Amino acid sequence: MKEFLTAGFLIGLLSATLRMATPLIIATLGETFSERSGVLNLGIEGTMLLGSLVAFLVAYRTNNLWLGVFSAGFSGILLSLLMAFFTVTLGVSQHVSGLGITIFASGLSLFIYRQVIGSPSIPPTVTTFKTVAVPLLSKIPIIGPILFDQYALTYIAILLVPICGYILFKTNFGLSLRAVGENPESADALGINVYKTRYVSLMIAGFLMGIAGSFFTLAYFNMFLYGIVGGRGWVCIALVIFANWIPSKVLLGALLFGGVDALQLRLQAIGFNIPYQFFLMMPYVLTIIVLVIVARRASYPSALLKPYRRE
Amino acid sequence: MKLPKFVVEKRSHLPVWLRVLLPVFAILLSFIFTSIIILFAKKNPISAFYNIFYGALGTRLGLMETIVKTTPLILTGVAVSLAFTGKFWNIGAEGQLYAGAFAATWVGIMKLPLPSPLYILLEIAVGFIAGALWGVIPGILKAKYKVDDVVTTLLMNSIMIYLVTAVLEGTWRDPVTSWPQSIMIATNAEFPKLIARSRVHFGIVVALVAIALVYILLKYTKLGFEIRATGSKSEAAHFLGINTTKTIILTALISGGLAALAGVGEVAGLHYHLTENISPGYGYTGIIIAMLAGLNPIAVVLASFFFGIIITGAQYMSRITGITSFIADVVQGVILLTMLGMLLLQEYRIRRAK
Amino acid sequence: MEAVVSMRGIKKVFPGVIANDNVNFDAYRGEIVALLGENGAGKTTLMKMLYGMYSKTEGDIFVRGKKVEISSPKDAIDLGIGMIHQHFTLVNPFTVIENIILGMKENGIILKLDDAKRKVQDYMKRYQLYVDPDSKIFQLSVGEKQRVEILKVLFRNADVLILDEATAVLTPQEAENLFKTLKILKDEGKSIIFISHKLYEVFEISDRIVVLRNGKVIGETSPTETNIKELAKMMVGKEVIDIVSEKSKKVGNLIIKVEDLFATSKRGHMAINGISFEVKSGEILGVAGVSGNGQKELEDVISGIKKPHSGAIYFNGQNITGSSPKNIIDFGIGRIPEDRMESGIIGEIPIYENIVVECYDSKPFCNAFFLNYREICKYAESLTSEFDIRTPSVNFPLRTLSGGNIQKAILARVLSREPRFIIASQPTRGLDVGATQYIHSKLIEARERGCGILLISEDLDEILNLSDRIMVLYNGKVMGFADKSELSREEIGLMMTGTKKEALNEVA
């Protein structure tokens, strides 16, 4: 028990919390854009997985990690275009389209990996990102190592929060996007192109989700595994609701869930008695509880899940 | 030259031949897209598909294995079809399958001194109940608290799989091999084999009986009517006196139980013990089957058999062509998407504007 | 003088129906031209083509003399055409300012809400259209929301304003305010196209009147050249013979008693503020009032959909407050819902299943778990012929029926169970004259058989023609009861806008 209370343990835990929250923050911000415009994107899990694969393969082949990150984002855009085609142009069920994208992207990831890499006894790895210590600030006791000695992607994730908030609430584009998600008929009647707006928001979402995926294979881990995303995409779906579709709250929620993830790993290492799976379960159980609490007062974007067709 | 303008308009009714043709067309379209992906891998798609079908149907062994793979698919397929009919979006068939497998194993490793038929009945009953309970939780959350069922059923999958993994790595870990799998179930708990020199087991009978029961339920019973009405327009159903809360909960119960039976069959009829990978995603394939079959129980049998072919055949094909068997997963995903597109044609028609 | 907007030879075809047929229509500067016609005459369709929301099948549109193609609202807005829709196109959680500037390219990339607020306030002063610019839409009254809609259009420098059934949701006082605003706009030189089916209004406010019937232009006239009766004839095509019932001679026992009812709306505010009334067997109690004054909540409470906040409902002496829909049905209360398509029918399932949906769990339609489809179909077929429901087969999904036949099916479902009490809400909305007359006659028939009927309707003529007694609702309170022919139409109109019956003499 004493192990928990050492400063070393806590600092390590909080630092890891921020780390593990990184993909959650980025992907959830993406999903926020998507849902704010009226599209529930269940393709997030598959997009993150394909993103992680593409990032890995590109980095493996070119030794350029950032190229890997952007390629992952690009793959996310391609998948989101597919999603947009089904849900916006064709106007079919968002639930099933998203699931289809996830199943397809997941299958494609496995297929490409096995086809390209095969099944070597020692799976290939990449040299991952190193953490970047902010000069001076990272020397501050306690806070320094937690906040200022992280991966570049983590800093980007944190910066994205106010950026996305600004875009959504202070720009003309954000106003139109939110209008499309609340009342597409009204937006249409004012000349806003509902289809184009949704396509753009989905592309933003796909880009962010792909980048989030790259974190797994280029920072958190150094290779590609089937379960590397491990269902975190579904957690993001709940996080959006938990955050009431507001970017600043996304950060809070992601830290909470990231914290549980980080804690679970450490407990495993210590040899804690309770099977580690119970901690892995926690985000999901927590999510369901959150959904029940929030269901009563959720301020869903009113047009979420309804396709829009003009006569 | 002016291009002819096309008009998209809502259909008044769907001719039967079209209802059958659309899934076929979806499959063909998905084969074309998958072939393009195979070409990118610098392999021969024609050889790939030929070998898939040959591997699944061309030999006795292949055909038997196809039936074995079809067995759990029929159950998850009909479980999801029933749920979707009542607009209960059960994405949790995978978790419910695990629940059934878990319960059946629990009963099976108790090594009770029961005559075989009774033991089997017990496994089926306990398995069904386990799946029903696992499925009814999201059902209640949806019916009473309006919580989105897609997300909750999805999350329940992960929870159940972690639960099973924890137990398999803990108390149920096989003491002899030390692997995360259970010990074998009692021999009197095993499903009988139906065809000599094959792995085809009693589970296929359970599956077909389930199909028949669901068909009768939906078409001829009061509950079936309530499920269809609630699924069609729950607001009107509620206004018109149907207890939609009760209906949704019952739908979730039955659907969860049916999916669990798939897990029971895999443990009691095929592997005789529980492992972490007892299902390679049969629960999700069930969703695709349900869509392809248009939620019709009879069509579910056909669609399940089709996917049984793809899954079995892909293994064979991968040995022959060097294309990884994961292509089967790609095919599944593409079919889901193409079928989705086809569903649009079901609702709307495109014709030339005069 | 050249027309600002000119539509020539306009034709619009939807699957199965010609909504507009060879329509010619002009709008001039500084005038209010009314587009008059019944529900379904094609008025809104025509204007939606002018606003780019519908595509035209045939014909040409000229704006300020030049031929134009308007393929989206953006095109219309760029041409200076603005539309204020019947169902408001406002984004509820946004503020007034946000709604007004939504979608304008002048906004630039970053929103400058303070600048916008100042500009909007200028417009408010200029046109005397005042609303609190920072309030959110869901906080506004209906009249205020409409003002925001008008400001939206004016802010985009519209010269041509199309108003679609603008007074449908307004109280008479709010309507007067609207007319004042329209006169200000007209004097500024704007063209106002006023869509309405309300003869009195059109007569009061317009300079010219264009009458549409069944998608065709029947004629053009002006208030100075015609009178109400002739206009009505042009609208409907024949001498309108409303079914007017005589006062019931067989009023019997008390069937429904509502005591001190309070109920909340979906938004959370108290929509019914303490009403009490009685309905006896053999009488029709008509509930008059502008939509939005508690009628929906009253219907929902009596139908079993909503539990009241407080108060009691008695049926034949038994307290049935808070009963579920199933209980209400089993008590023998028939309900004809206002929202036919959402609550009244399950469109995708066959007609015969819709007919028995309220009684399928009793004999002879079921035994134990199973449904007896032979009995069900037989029953459905007999009702189909009795109620003259036009369909090739009872096996077809109910949504394949026309609007009038759908309502007849609902009527058949309700009346075939010989209810003691019926609550009918907007029973003839959207139906043609023939179907309306049929529904009215069936309701009177039911009354003659001893049924008590609560008739909720926005159509004051329907209420006046059919009711034995009238109850007027305003803001969820009863303004008064009146016997048939006791009060004039104007007096009831005053009650509908908040004057209590006792206070009528003071106002008049």
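Predicted model: local features only at pLDDT ≥ 70, side-chain atom pairs only at ≥ 80, totals over all residues.
One of the facing pairs puts K12(C) opposite N20(C) in β2(C). As a general point, strands of a sheet pair through backbone hydrogen bonds, either parallel or antiparallel.

Further along chain C, another set of strands can be followed. Strand β11 (residues 254-264) of chain C pairs with strand β14 (residues 310-315) of chain C over five bridges, in the antiparallel sense. Here K257(C) has Y314(C) of β14(C) as its bridge partner. β14(C) also pairs with strand β15 (residues 318-319) of chain C, again antiparallel, over two bridges, and F315(C) stands opposite Q318(C) of β15(C). β14(C) and β15(C) form a hairpin with two residues between the strands, and in that hairpin N316(C) takes a positive phi near 50°.

Taken as a whole, chain C has 18 helices and 22 strands. Its radius of gyration is 25 Å, close to the 23 Å that the globule rule gives for 508 residues, so chain C is as compact as a globular protein of that length. Along the principal axes, the C-alpha atoms of chain C fill a box of roughly 70 × 55 × 50 Å. As for confidence, the mean pLDDT of chain C is 87, with 96% of its residues at 70 or more. The model itself scores ipTM 0.86 and pTM 0.84.

The contact between them takes twelve residues from domain 2 of chain C and ten residues from domain 3 of chain C. On the domain 2 side of that contact, helix α15 (residues 433-448) of chain C gives the most, with five residues. By class, the residues on this side of domain 2 of chain C divide into nine nonpolar, one polar and two charged.

Chain A comes to 13 helices and two strands. The radius of gyration of chain A is 20 Å, close to the 19 Å that the globule rule gives for 311 residues, so chain A is as compact as a globular protein of that length. The C-alpha trace of chain A spans about 65 × 45 × 40 Å along its principal axes. For chain B, the secondary structure comes to 13 helices and two strands. With a radius of gyration of 21 Å, close to the 20 Å that the globule rule gives for 354 residues, chain B is likewise as compact as a globular protein of its length. The C-alpha trace of chain B spans about 80 × 60 × 35 Å along its principal axes.

Turning to how the chains meet, 37 residues of chain B are in contact with 33 residues of chain A. On the chain B side, the elements that give two or more residues are α5 (116-145), α6 (149-169), α11 (282-292) and α13 (327-347) of chain B. Of these, α13(B) supplies the largest share, twelve residues. This side of chain B has 25 nonpolar, eight polar and four charged residues.

Chain B also meets chain C, in a contact that takes 25 residues from chain C and 19 residues from chain B. On the chain C side, α10 (325-331), α11 (340-344) and β18 (370-371) of chain C each supply at least two residues. By class, the side of chain C that touches chain B has 14 nonpolar, five polar and six charged residues.

Notes
Residues numbered from 1 in each chain as written. Chains lettered and ligands numbered in written order. Contact = placed C-beta atoms within 7 Å. Helix = DSSP H or I, 4+ residues; strand = E, 2+ residues; numbered from the N terminus. Nonpolar A, V, L, I, M, F, W, Y, C, P; charged D, E, K, R; others polar. Pairing = 2+ DSSP bridges. pLDDT = per-residue confidence, 0-100. Rg over C-alpha atoms; globule rule 2.2 N^0.38 Å.
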